[in-house]
Amino acid sequence: MPRNARQLSKTGIYHIMLRGNERRDIFLDDADKLTFIDFLYAKKSDEGCLLYAYCLMDNHVHLVVKEGRNGIAKLMKRIGTSYVKYFNQKYQRVGHLFQDRYKSENIETDSYFVTVIRYVHQNPEKAGIDRIESYKWSSFQAYLNGPGATRYLPEMTEVLGMFGQETEIALNRFRQFHAEYDGEKCLDIRNCSEMDEEIEAYVQRLLNDILQSNGVTLKDIAKKENTRILKAFILKLRNDTGLSGRKLSQLTGINRETIRRALLTFS
């Protein structure tokens, strides 16, 4: 099937998500994340793009970028090509690392612009991985530490200027804004339009991996002694797919009430 052409942003600013093929991890250690960030900074500079925010998770990446001379597609191709070459050489693998082409959404207003930046920075906290301010693999710390800090970018000053002209006031408002949560729906790893078969295949593969690696059966995973295994499995499924407890029960064969109790642990 032919791909639909992307609708261009009037502002030239986009929220971009790049994720691993079959939802697999694209970063296996800290060196991988550092290498990706190095490629990101180098290529965005080469292309004349502006990078307003980023967050690296294990199996996907969020970026807020303003296009440069050659558009977003060229930037993403250059980043992807460089990183895949590095990754495949390091881990002696071949084949696709990223799933299809990157996902993107247009950012057309100032209010949505800062909302998306907050959403990107909140990813690790919402996933239960780390606090926003202590997570090493997003641009949030660079914002707080200011010019001269590692990974600081001139365009960050532009963003902070939207919160106030005095640095201290702007930073305080920026922090407060990031401490707030709302129901805004941004481009998310869980709400991209995908074929149901792909999601079902992922759930089944993850379930099989969990059972085999822990030496338990589907019947045994709900037992009290396997509570830790079950909760970790349900948490990963919730973060990766956003499926309801009812749907997870249908796909895994695990009792719906058992899944509900596991999800309550994280609410």
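1. Leaving aside its neighbours within four places in sequence, Phe36 touches Leu18, Phe27, Leu56, Val61, Ile79, Tyr83 and Phe98, where contact means heavy atoms within 4.5 Å. This comes from a predicted model, in which local features need pLDDT of at least 70, side-chain atom pairs count only at pLDDT 80 or more, and totals for chains, interfaces and linings use all residues. Residues are numbered from 1 along each chain as its sequence is written, and side-chain values use heavy atoms, with hydrogens and water left out.

2. Phe36, together with Leu63, Val64 and Phe113, touches the most other members of the largest nonpolar core, which has 60 residues; such a core is a set of buried Ala, Val, Leu, Ile, Met, Phe, Trp, Tyr and Cys residues joined through side-chain atoms within 4.5 Å. Helix H2 (residues 71–91) supplies the largest share of this core, eight residues, a helix being a DSSP run (H or I) of at least four residues, numbered from the N terminus. A second, separate core of 19 residues includes Tyr202, Val203, Ile229 and Leu230.

3. Ser82 also lies in helix H2, and it counts as buried because its relative accessibility is 18%, buried meaning under 20% relative accessible area (1.4 Å probe, protein chains only). Apart from neighbours within four places in sequence, Ser82 is in contact with Phe39 and Lys43.

4. In the pairing of H3 with H6, Val114, Thr115, Ile117, Arg118, His121 and Gln122 of H3 meet Phe174, Phe177 and His178 of H6. The residues of this contact divide into four nonpolar, four polar and one charged, with Asp, Glu, Lys and Arg counted as charged, Ala, Val, Leu, Ile, Met, Phe, Trp, Tyr, Cys and Pro as nonpolar, and the others, Gly among them, as polar.

Key:
Helix = DSSP H or I, 4+ residues; strand = E, 2+ residues; numbered from the N terminus. Buried < 20%, exposed > 50% of the residue type's maximum accessible area, 1.4 Å probe, protein only.
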